[in-house]
Amino acid sequence: MAKKNAKNKANSNTIALNKKARFEYFIEDDFEAGLELQGWEVKALRSGKANISESYVLLKDGEAFLFGATITPLNVASTHVVADPQRTRKLLLKRRELDTLLGKVNRDGFTVVALSLYWKKSFAKLKIGLAKGKKLHDKRDTAKDRDWQRQKSRIMKHSAR
């Protein structure tokens, strides 16, 4: 019984999603990165007050940083800490992953975008994707395919009756 409940709660581990990223970019590869957070940020994430839709990852000096992610502080946050919701947060990646990302971004023109923010055990993790931008016609094709899949599922649902 415990395993069934664990599978049902797997979706509740997600804190924030960046749905726009999959529409705007072709995601070639994805990586899991840890986040360097302050105490008030962890409390805010536990209550689900995060937004990564406007965020991006910048690589400089051999390190990765998350820009533009908003973590709204709680009202009951500590008074002696000045909470900056748009603070630049360092991403924790292995050296080999950082080198791969740096090489792809510099040589091949890829971009690194934040895809989702979630809990893994007691740690906040960020899934980042190595992405290439879509052109307008690619976005139209994606929308057309999505609409066709939706219509196909409706047809199959009604034909089964």
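Predicted model: local features only at pLDDT ≥ 70, side-chain atom pairs only at ≥ 80, totals over all residues.
Biologist: The backbone oxygen of Pro-85 lies 3.1 Å from a polar atom of the Arg-89 side chain. What makes a pair of atoms a polar contact?

Modeller: A polar contact is a pair of N or O atoms within 3.5 Å. Within protein, one must be able to donate a hydrogen and the other to accept it, and residues adjacent in sequence count only if both atoms are side-chain atoms. The Arg-89 side chain also has a polar atom 3.2 Å from the backbone oxygen of Ala-69.

Biologist: Is Arg-89 buried or exposed?

Modeller: Buried means under 20% relative accessible area, exposed over 50%, partly exposed in between (1.4 Å probe, protein chains only). Arg-89 has a relative accessible area of 1%, so Arg-89 is buried. Of the 161 residues of the protein, 30% count as buried.

Biologist: Why does Arg-22 count as partly exposed?

Modeller: Because its relative accessibility is 49%. Arg-22 sits in helix 2, residues 19-24.

Biologist: Which residues does Arg-89 touch?

Modeller: Contact means heavy atoms within 4.5 Å. Leaving out residues up to four places away in sequence, Arg-89 touches Glu-36, Leu-37, Glu-41, Ala-64, Phe-65, Leu-66, Ala-69, Ile-71 and Asp-84. With that exclusion, Arg-22 touches Ile-27, Leu-115 and Lys-134.

Biologist: Where is Arg-89 in the fold?

Modeller: Helices (H or I, at least four residues) and strands (E, at least two) are DSSP runs, numbered from the N terminus. The protein has five helices and nine strands. Arg-89 is in strand 7.

Biologist: Which sense does the pairing of strand 2 and strand 7 take?

Modeller: Two strands pair if DSSP finds at least two bridges between them. Strand 2 and strand 7 (residues 89-92) pair in the antiparallel sense, over two bridges. Gly-34 has Leu-92 as its bridge partner in strand 7. Leu-35 stands opposite Leu-91 in strand 7. Strand 2 (residues 25-35) also pairs with strand 9 (residues 123-133), antiparallel, over nine bridges. There, Glu-32 has Lys-127 as its bridge partner.

Biologist: In what order do the strands of the open sheet run?

Modeller: Seven strands form the sheet, in the order 1-8-9-2-7-5-4, with antiparallel pairing. Strand 1 (14-17) and strand 4 (56-60) are the edge strands, each pairing on one side only. For angles, axes are lines fitted to C-alpha atoms, for helices over the stretch in contact, and values run from 0 to 180 degrees between N-to-C directions. Neighbouring strands of this sheet are turned by 40 degrees against each other on average, direction ignored. Helix 3 (residues 39-46) lies across strands 1, 7, 8 (111-120) and 9, at about 75 degrees to strand 8.

Biologist: Which residues line the largest cavity?

Modeller: On a 1 Å grid over the protein atoms alone, a cavity is a set of points where a 1.4 Å probe fits but cannot get out, and lining residues have an atom within 4 Å of a point. Grid points are joined across faces, edges and corners, and a volume is the space filled by probe spheres set on the points. One cavity of 30 Å³ or more is counted. The largest cavity holds about 40 Å³. Its lining is Leu-35, Ile-52, Leu-66, Ala-69, Ile-71, Arg-89 and Leu-117.

Methods:
Residues numbered from 1 in each chain as written. Heavy atoms only, no water. 1 Å grid on protein atoms, 1.4 Å probe; cavity = no way out; pocket = protein on both sides within 12 Å on 5 of 7 lines; lining within 4 Å.
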